[in-house]
Protein chains: 2
Amino acid sequence: MKRKPAPQARKPRADGARNRQLLIDAAKAGFTDVGLNVSLEEIARRAGVGIGTFYRHFPTREAVVEAVYRHEVEQLAEAVPQLLQTSPAGEALHKWMHLFVDYIATKRIIAPSLGTAAGRSSNLHASSVELITNAISTLVKRAIASGDVRKDIDPSDLLRAMVGVSYGNPDTGWEASARRLIDLLMDGLRRKSR
Amino acid sequence: MKRKPAPQARKPRADGARNRQLLIDAAKAGFTDVGLNVSLEEIARRAGVGIGTFYRHFPTREAVVEAVYRHEVEQLAEAVPQLLQTSPAGEALHKWMHLFVDYIATKRIIAPSLGTAAGRSSNLHASSVELITNAISTLVKRAIASGDVRKDIDPSDLLRAMVGVSYGNPDTGWEASARRLIDLLMDGLRRKSR
DNA sequence: TAATATACGGAGGATCCCTCCGTTTTGCAA
DNA sequence: TTGCAAAACGGAGGGATCCTCCGTATATTA
């Protein structure tokens, strides 16, 4: 029987957190540069850490893929307040839509590996859908309130349009095309319905 | 400068063709038994050939995956005339629908690896869609002509229904469920609209 | 049957996966 | 500050896999 006189956990070590982030960044770079099958040792090499460190943070390849994806979604969500602070609402929405293209770009690469270990992956999917929906809803509301875009915009429709713009396309050159269409979409949004 | 006095190629060696087929069968078995990541050496072992022979037939893992898929589709197409010869048209259609479940079963496994080497894979997809569409159209037409099924059946709808039955389902037990639904579907088809 | 194009088989070097453990660093308390 | 223990680091190394290369065996043709 053990007492637990000090349930207060120790503060997580700074190097641990730093290396974890380095690994996630290196993994994303590796996926986009080399492909979904980058060797885990190369990811560790890019991050400047030993292979042992890699495996302590991510016990399986799946784990690092999931971490990269989760980080992408979080970035998308966290960008919202920051964009709203530094740009007018309409411009914030526009910039965010371009961030979304980045997000889709990496998602297209790692998607085949995301669903592999079924089960809890559906949780991941559900929570990411929610985060993204909230993000775009907030941005649209603010842009409507500030008069930057027309009033009759359903955030879900806009989201679907962006997904369609990014997914329905052929493999090569989809990204440039998606960005052009996003700009077009934004022009349309700005035509106020008065 | 070389002449080409005898453009007639030599007949392909029998052992080569045989081993190629053995490898495709072994690969399919390996994918379903072990998973998409079976080692290529195990596939060669199952086929009873050396690893060198494997690589001569399939230079990459992708190549063998594609060959397995192509073979599945071909089997589906080739089954049509044979079924029509040995069974009444309605039964032929019913049997073929069950073959289709087998096809989906392996497709579900290897699909993540099919799109990997983009580009010509779209050709593969297009041609397989065509083969399958032709197959089911032929069967439906014959079954209608023989009076085995009702007249108002659109082969494309039927195909979509079968895909939906097989794909919309959860991971475990989908196959049994799909087969039950297929039988149900067939019962519905047999109710003549007169 | 002889000749030769074709296919076979597997050894071996390179790479990758993952574990294990001695060493180093960091946070906390004295 | 200093000392200590928890936490993290790094990389050697065994096992598995990938893929090439080349000597040997076999089918086809004449």
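Which element gives the most residues to the surface near DNA strand D? The answer is α3(A), with four residues; helices (H or I, at least four residues) and strands (E, at least two) are DSSP runs, numbered from the N terminus. This is a predicted model, in which local features need pLDDT of at least 70 and side-chain atom pairs count only at pLDDT 80 or more, while totals for chains, interfaces and linings use all residues. Residues are numbered from 1 along each chain as its sequence is written, and chains are lettered from A and ligands numbered from 1 in the order in which they are written.

DNA strand D is surrounded by 25 residues, of which the closest are Asn19(A), Val49(A), Gly50(A), Gly52(A) and Lys11(B). A residue is near a molecule or strand if its C-beta atom, placed from the backbone, lies within 6 Å of it. Two or more residues of this surface come from each of α1 (14-33) and α3 (51-57) of chain A and α1 (14-33), α2 (40-47) and α3 (51-57) of chain B. By class, the surface near DNA strand D holds seven nonpolar, eight polar and ten charged residues. Here Ala, Val, Leu, Ile, Met, Phe, Trp, Tyr, Cys and Pro count as nonpolar, Asp, Glu, Lys and Arg as charged, and the others, Gly among them, as polar.

Around DNA strand C there are 25 residues, and the closest are Lys11(A), Asn19(B), Val49(B), Gly50(B) and Gly52(B). The largest share of that surface, four residues, comes from α3(B).

Within chain A, confidence is highest in α3(A), at 98, and lowest in helix α7 (residues 155-167), at a mean of 86.

Helix α4 (residues 61-86) of chain A has 26 residues, so at 1.5 Å a residue it should span 38 Å, and the 37 Å between its end C-alpha atoms agrees. The expected span is 1.5 Å times one less than the number of residues. A kink of about 30° lies at Val80(A), shortly before the proline Pro81(A); the bend is the angle between axes fitted to the seven residues ending there and the seven starting there. Val80(A) is also among the buried residues of α4(A), which include Tyr69(A), Glu72(A) and Leu83(A).

His94(A) lies in helix α5 (residues 89-114) of chain A. Is His94(A) buried or exposed? His94(A) is buried, because 23 other C-beta atoms lie within 10 Å; buried means 20 or more such atoms, exposed 12 or fewer, and partly exposed in between, with C-beta atoms placed from the backbone. The C-alpha atoms of His94(A) and Ile182(A) are separated by 8.1 Å, although the two are 88 residues apart along the chain.

Note on methods. pLDDT is the predictor's confidence in each residue, from 0 to 100.
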